Structures are given as C-alpha cells and as structure tokens.
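Here are my notes on the aromatic rings, point by point. Have a look at the structure first, then read on.

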Amino acid sequence: MISPKKLLKIVRKWQKVAALNGRKISFPRAHHEGYTTMTSSSSSTVVDKGHFVVYTTDERRFVMPLAYLNDNILRELFKMSEQEFGLSSHGPITLPCDAIFMEYVVTLIRRGVTKDLEKALIRSIDNSGCSLISSSNFHDERIAGQQFLVCGF
Amino acid sequence: MLSELMNFLRACFRPRSKRYVHTGSDSGGRQDGLLWYKDSGQHFNGEFSMAVVQANNLLEDQSQIESGSLSSHESGPYGTFVGVYDGHGGPETSRYINDHLFQHLKRFTSEQQSISADVIRKAFQATEEGFLSLVTRQWPMKPQIAAVGSCCLVGVVSGGTLYVANLGDSRAVLGRAVKATGEVLSIQLSAEHNASIESVRQELHALHPDDSQIVVLKHNVWRVKGLIQVSRSIGDVYLKKAEFNREPLYAKFRLREPFKRPILSAEPAITVHQLKPHDQFIIFASDGLWEHLSNQEAVDIVQNHPRSGSAKRLVKAALQESAKKREMRYSDLKKIDRGVRRHFHDDITVIVVFLDSNHVSRASSAKFQNLSVRGGGITLPPNTLAPCGTPTEAGST
C-alpha cells in the first residue's frame with residue numbers, strides 16, 4: 001500500500017521545486033498546448049498531429065504530446081495499466097489513476113521534474129502495488145491548500 | 001467511353017504492378033522503423049507476401065516460410081510450409097519453434113515418405129518435448145523461462161492438399177473466388193483456442209471437472225486460471241508440469257494448489273483441405289491482425305490490390321484501425337518506440353500465400369530452388385536504446 005507519509009514527503013519536495021521554477025513557467029492553463037482535458041462524451045474525434053490520448057479511471061480524457069511517452073512516470077502508469085486492466089485492443093487506453101493525479105503528473109512532466117523526485121514518485125507508485133492510485137491519497141488536510149497551488153497555476 | 005478509359009488506365013498500370021511482382025528475387029526483407037516486410041517472393045506453389053510489425057521491446061512474434069523439399073531428402077515431397085508463432089511472456093518459445101518445428105517435420109516426412117496430419121502432429125509434439133527439455137536444463141539459471149510460451153499456426157501446401165495445424169489464437173483464412181459473381185469469399189480454416197470463446201471454456205471445464213476456477217473472468221477478459229487467455233500452446237510449462245510451478249518462479253505465476261493434469265494442452269487442431277482451382281490465397285496471421293480486421297475485410301484488401309505488398313497492406317490497415325481506436329493519427333502511432341508501443345497495439349505477423357493453380361498440383365521440383373524466409377524484427381538486447389533501421393534475421397535461399 002502507498003504510504004501517505006512518503007507521498008507527503010514527495011509533495012513537499014515537489015513544492016520546493018515548484019517554488020524554484022514557479023516564476024519561469026507561467027502559461028495560463030487554458031492556452032497551454034501540452035495537454036487538455038475534457039469529458040469522454042465528446043471524445044470520438046482523432047486528436048491533433050503529434051498527440052496521443054489516455055483516459056483516467058474517472059473517464060476524463062487527456063491529450064498529450066508524443067514526447068510524454070518517454071517520461072518514466074507516465075511509462076510506469078502504462079505498466080500499471082497493463083497489470084490492472086490487461087492490454088485491451090478495443091478502445092482507448094485507460095490509466096489506473098484519477099484526473100487530479102493525472103494533472104499532477106502532467107504538471108511534473110511539463111516542469112521537467114528533477115531525477116530524484118521522479119525516482120521517488122515511481123518508487124511510491126511501485127510500492128502502492130496494483131491498487132488504483134487516487135488523488136485522495138494527496139488530500140491530507142495540511143496539503144489540501146497547496147494542492148490548489150500545484151494544479152491551478 | 002468510361003470503360004475504354006478504364007482499360008487504357010489499366011494498361012498503363014499493369015507493367016508497373018508486374019515489375020513489382022518480379023522484384024522478389026532476393027529472399028531477404030526490408031526494414032522500415034518497426035515494420036519488416038518482404039513484398040513478394042516465389043514459393044513452390046505461387047507467390048507470397050510477408051510483413052511483421054514489432055510492438056514489444058523484444059519481438060515475440062516469429063514466422064517463417066519454407067518451400068521446396070519438405071523432407072530431409074531432396075526427393076521430396078515438395079510444397080510450401082508456413083509458420084506463424086505468436087509468443088507470450090518473452091520471445092524464447094516462438095524463437096525455439098522457428099528453429100526446430102520445420103526440422104522435425106522434415107525428419108518425420110522422410111521417415112513416413114509422405115506428408116500427413118500425423119507427421120505434423122508428431123512435429124508439434126517433438127517441438128513441445130524439445131522445449132520442455134530446454135526449460136528443464138535452463139530452470140536452475142533462468143527459472144522465468146517456465147512462464148514463456150507461444151501460439152503455433154502452421155500451413156502446409158503439398159500436392160494439391162492444404163494442411164492447417166493450430167494451437168492458440170492465430171488464424172488462417174482462405175480467399176475463394178465465387179465463379180458466378182466474381183467475388184472472393186473468406187473461409188476461416190482454423191479455430192482459436194482462446195478462453196474468450198464459449199466452447200473453449202466448456203472444453204476446459206470438461207477437462208477439469210474438479211476445478212471450478214479453471215477459467216476466471218478478470219477485468220472483462222476470460223483467462224485460464226486467471227493467468228493466460230489461450231488454452232493450448234507450446235511451452236508455458238509452468239501450467240503443464242507442477243514441478244515448474246514453484247519458487248523461484250514469480251509469485252504471480254504460481255498456483256495455490258498443485259495440479260495433477262496439465263492445465264494447458266499442446267495438441268494441435270489439424271484440418272485437411274483439398275485445394276480447388278478457385279482457391280486464390282491464404283492469409284496466415286497472428287491475433288494482432290485479427291483483433292482489428294474481420295476475415296472478409298482482410299480478404300477484400302488482398303483481392304482488391306496488386307499481390308505484391310499484400311501482407312504489408314494488411315498490417316497497415318490493422319495499424320490504421322488501431323490508431324483510430326486509440327483516437328490518434330496513424331502517422332503518430334508509427335513514431336512510438338517499441339516497448340511502450342505494445343500499449344497501443346500487439347506484434348503483428350502476416351503471411352499471404354497465393355495459390356497459382358498451375359503450380360498447386362505440381363509434384364516435381366523442376367528448377368525450383370529451396371526457399372527459406374523468416375519474418376524479421378529488431379533483435380537488440382532489451383536495454384539498448386531506440387532501434388536503428390538495419391534489417392536483421394533476413395532469410396536466405
């Protein structure tokens with residue numbers, strides 16, 4: 001099982017990184033091309049060139065640039081998806097986490113996470129075994145306010 | 001007026017397609033990224049076309065076409081052997097089959113001086129036993145090899161007869177022309193041994209009446225013992241011999257209770273068909289193709305285009321379908337590296353064997369040089385970086 005203590009540690013570490021890089025990255029989310037989300041009901045279209053699509057367990061759709069496939073955190077989520085859901089050939093790919101966690105991961109990728117933090121996050125994902133990752137793991141009272149900061153810039 | 005124009009256009013294009021047909025003199029294939037293909041070649045009974053696309057980090061699909069003498073002697077019988085081996089858990093079993101099954105078949109054909117369903121069955125059995133002894137030898141150093149296996153689809157065309165032998169979920173489909181309409185209909189020549197099929201689950205329950213958990217629905221997919229989708233295979237000795245279902249095999253492969261009977265079978269289903277003049281071609285392919293194309297869609301694609309490049313065309317059609325299901329562009333799907341690519345589609349192997357009615361029933365070897373081509377792929381060790389475009393494991397004549 002995932003250890004909340006460990007996660008808290010990771011989140012704090014990340015916040016340090018975010019604070020360091022915060023001023024350099026100031027894309028308003030709506031105009032950023034890195035990823036967009038929408039509900040699955042409006043999703044039958046093929047995405048723009050150079051992108052792929054994944055869904056989260058709460059059926060939110062994430063459009064990401066192909067380069068994200070080289071990211072180790074995302075690759076780990078793909079592996080977990082294989083363990084959780086098997087390799088389906090029928091529909092879109094679903095990753096075993098919810099949209100808030102996914103947005104967090106996207107933020108990490110977009111900011112170019114430090115290697116140490118990346119390793120720590122992968123380790124925490126690994127330790128959680130096959131259980132689905134939920135952002136509720138992050139919803140410790142003490143960091144709930146920070147969570148908004150993390151995702152809402 | 002329009003038909004004249006069409007005839008004119010056809011006349012313009014014919015020399016071009018013919019030229020392509022005859023470029024198959026070299027038996028090696030070409031590599032384009034993760035796609036390997038041999039657009040056209042000559043086998044004993046006509047032309048063939050072959051293509052493989054890799055998705056796994058190590059290609060688990062293996063394949064071969066062998067044509068000429070089907071025995072250890074040059075005296076024949078003559079014909080064409082096709083094998084598609086879709087491995088799982090690793091490439092070891094499918095590679096082993098690629099290296100041994102045809103050799104066993106030639107040996108048994110020589111002994112019995114003819115090809116038959118019995119010869120093919122014996123060749124499968126010898127391959128299964130050979131792989132079991134390999135696992136037994138390697139178990140102390142490499143125990144995970146006990147959890148590697150492969151589907152095995154074989155077609156043999158000789159003297160106007162077609163034999164199809166199958167274990168697992170690859171499939172052979174015949175394209176047969178209907179004289180009256182000019183259409184080419186698809187006829188499935190093999191049945192899959194996959195737990196997703198009701199009759200396969202019934203067979204498993206009948207074979208294991210004391211085990212109510214012999215097939216389990218997991219994440220909407222039926223799996224034998226909750227582990228594997230196919231009910232028959234070469235290898236997978238961890239589900240055939242209880243002595244290999246123990247530590248140090250990974251815990252996820254170990255069953256709670258020891259078993260007395262093999263859970264998976266290595267007995268191929270063999271069908272025999274007398275070929276008719278209107279039998280046009282046979283498509284042999286791993287399930288990576290059939291999960292995206294129906295039998296008739298595949299037959300139509302082959303029928304409505306030049307013979308050369310048929311296999312590659314089928315692979316591309318399947319990839320386009322796969323891209324659509326993943327809500328992305330085909331041009332982008334092709335850019336994804338092996339390994340992570342497996343989340344978007346499976347390894348796909350296609351061999352299209354055209355049956356030239358002038359050659360199908362011929363029995364002499366006049367002027368035919370033995371042919372041997374193996375489906376290629378990137379065979380770098382798992383830790384190396386992105387693949388380069390060099391052809392590997394190309395066949396030789």
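1. Let's settle one word first: a residue is buried under 20% relative accessible area, exposed over 50% and partly exposed in between (1.4 Å probe, protein chains only). By that rule Phe52(A) is buried, and so is Phe344(B).

2. Some ground rules. You're looking at a predicted model, where local features need pLDDT of at least 70 and side-chain atom pairs count only at pLDDT 80 or more, while totals for chains, interfaces and linings use all residues. Residues are numbered from 1 along each chain as its sequence is written, and side-chain values use heavy atoms, without hydrogens and water.

3. Rings of Phe, Tyr and Trp (its six-membered ring) pair if their centres lie within 6.5 Å; planes under 30 degrees apart are stacked, over 60 edge-to-face, and the rest tilted. Over all chains, that gives 10 aromatic pairs.

4. One of them is Phe52(A) with Phe344(B), edge-to-face at 6.1 Å centre to centre and 80 degrees between the planes. Phe52(A) sits in a strand of chain A and Phe344(B) in a loop of chain B, so this pair joins two chains. Together with Phe78(A), these two form one aromatic cluster.

5. Now try Phe44(B) and Tyr78(B): their centres are 5.7 Å apart and their planes at 25 degrees, so they are stacked. Phe44(B) is buried, at 1% relative accessible area, and Tyr78(B) counts as buried at 12%.

6. Finally, charges over rings (NZ of Lys or CZ of Arg within 6 Å of the ring centre and within 35 degrees of the ring normal). Arg107(B) lies over the face of Phe108(B), 4.6 Å from the ring centre; Lys312(B) lies over Tyr37(B), at 4.0 Å.

Definitions and conventions:
Chains lettered and ligands numbered in written order. Helix = DSSP H or I, 4+ residues; strand = E, 2+ residues; numbered from the N terminus.
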